2 protein chains.
Amino acid sequence: VERGNQTRRLILRRTTDIASLEGLEALSLGRLATELQLSKSGVFALFGSKEELQLATVRAAAAIYVEHVVRPTLAVPAGLSRIWTLCEAWAAYSQGRIFPGGCFFQRVRSEFSSSPGPVRDAIVAVYDEWRDFIRTTIEGAQQIGDVEAGQDAEQLTFEISALLEAANDEAVLRDSLFPYDRARTAIRTRLLAIAPNPPEFLRVAG
Amino acid sequence: VERGNQTRRLILRRTTDIASLEGLEALSLGRLATELQLSKSGVFALFGSKEELQLATVRAAAAIYVEHVVRPTLAVPAGLSRIWTLCEAWAAYSQGRIFPGGCFFQRVRSEFSSSPGPVRDAIVAVYDEWRDFIRTTIEGAQQIGDVEAGQDAEQLTFEISALLEAANDEAVLRDSLFPYDRARTAIRTRLLAIAPNPPEFLRVAG
């Protein structure tokens with residue numbers, strides 16, 4: 001069993017990388033068997049079908065995302081500092097190419113956007129959780145008075161997410177770090193306008 | 001020759017639609033021949049290779065984009081009204097599913113982001129032109145005093161583009177029109193903050 005689990009982890013570390021570069025449709029049990037020098041029947045025994053492999057890859061990528069973005073954010077106290085940490089952790093995740101093709105979820109969301117089914121549902125579920133996490137982080141800052149209570153947290157969630165994703169898209173396409181600074185500048189300006197007592201780190205950040 | 005041109009247009013109208021849903025890698029000369037009831041050799045004679053077909057598809061999509069987004073924007077006088085028209089024309093292009101999968105260029109950019117070569121170069125070139133167009137539109141508004149001269153037009157271009165693209169991504173993924181209002185709200189707020197004399201349509205828009 002332990003050997004099966006090891007093989008499974010080995011395969012999923014490879015499939016998350018491939019999918020971030022070429023998409024989930026580029027995964028095939030045969031290709032993985034060849035690349036990882038495993039038997040095709042062994043890979044098949046672990047995943048059963050291409051769709052199962054795609055779903056397991058989405059789950060594995062979500063776990064890596066939580067580790068690199070959600071966990072460092074939660075390590076900081078609620079408030080503007082946590083919002084800013086969320087943005088910096090996300091930028092580090094994208095910039096550090098934790099997945100070689102940039103953000104795994106932007107790549108596969110685009111691929112499955114018009115393809116209804118279990119894989120698309122799994123991707124949407126991850127996005128829902130991520131959006132909820134951003135919104136909750138903003139609401140936490142509102143509760144302690146770091147962000148004006150009257151601000152629409154859903155709207156701000158849309159905007160922060162839009163700016164981070166655009167930075168990833170631009171950075172990967174042009175192999176440049178500059179888009180991350182564009183996103184930082186925009187988010188900092190936005191937060192400064194709705195923070196009754198902006199902290200020093202926000203005024204000088206970036 | 002005219003018949004060849006007609007067939008070429010028929011094929012490219014189909015390939016732009018397919019690529020917006022499934023990506024440019026989903027195009028094959030054989031599939032098109034079958035779907036459009038043409039001979040495979042006839043399709044091959046017109047395009048020669050899959051890469052040629054992909055490049056012709058990008059060019060055809062760019063022409064449709066110009067027709068639906070750039071042309072209506074240029075029909076309006078320079079200034080804030082032209083910036084706002086650009087955003088509304090873009091939203092109409094995305095929302096109207098001029099390409100069934102939403103914005104053609106977001107779909108294929110994501111697909112080729114990590115795949116260097118002529119197709120990626122062609123996609124980047126279209127993005128460069130589009131970004132230049134947004135920036136020039138903003139600078140035109142600055143020149144007539146509609147937008148503060150000290151504002152960084154490149155930064156504003158990044159932000160407007162980020163918000164429009166996020167609206168498209170969200171709207172396609174969730175089959176909802178609401179994300180367009182999120183983008184409108186964000187862009188309106190941003191423009192109102194840097195317009196010395198905001199026009200009525202901007203204060204009540206959306």
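## Chain A

In chain A, 67% of the contacts with a separation of 6 or more join residues 24 or more positions apart; a contact means heavy atoms within 4.5 Å. The model is predicted: local features need pLDDT of at least 70, side-chain atom pairs count only at pLDDT 80 or more, and totals for chains, interfaces and linings use all residues. Residues are numbered from 1 along each chain as its sequence is written, chains are lettered from A and ligands numbered from 1 in the order in which they are written, and side-chain values use heavy atoms, with hydrogens and water left out.

Chain A holds 10 helices and 0 strands. Helices (H or I, at least four residues) and strands (E, at least two) are DSSP runs, numbered from the N terminus. The C-alpha atoms fill a box of roughly 60 × 35 × 35 Å along the principal axes. Of the 206 residues of chain A, 53% count as buried (under 20% relative accessible area, with exposed over 50% and partly exposed in between; 1.4 Å probe, protein chains only).

## Symmetry

Chain B can be laid on chain A by a turn of 180 degrees and a shift of 0.0 Å along the axis, with an RMSD of 0.0 Å. Superposition is by least squares on the C-alpha atoms of residues with pLDDT of at least 70 in both copies. The two copies are thus related as by a two-fold rotation axis. The same surface serves both: 100% of the contact residues of chain B recur in chain A. In chain B, A162(B) comes closest to the rotation axis, at 2.8 Å (C-alpha).

## Interface

The interface has 8 salt bridges (a side-chain nitrogen of Lys or Arg within 4 Å of a carboxyl oxygen of Asp or Glu). One of them joins D169(A) and R109(B), at 3.1 Å, N to O.

## Helix α6(B)

α6(B) is mostly covered, with 9 of its 9 residues buried. Among them are F104(B), F105(B), V108(B), R109(B) and F112(B). R109(B) also takes part in the salt bridge to D169(A).
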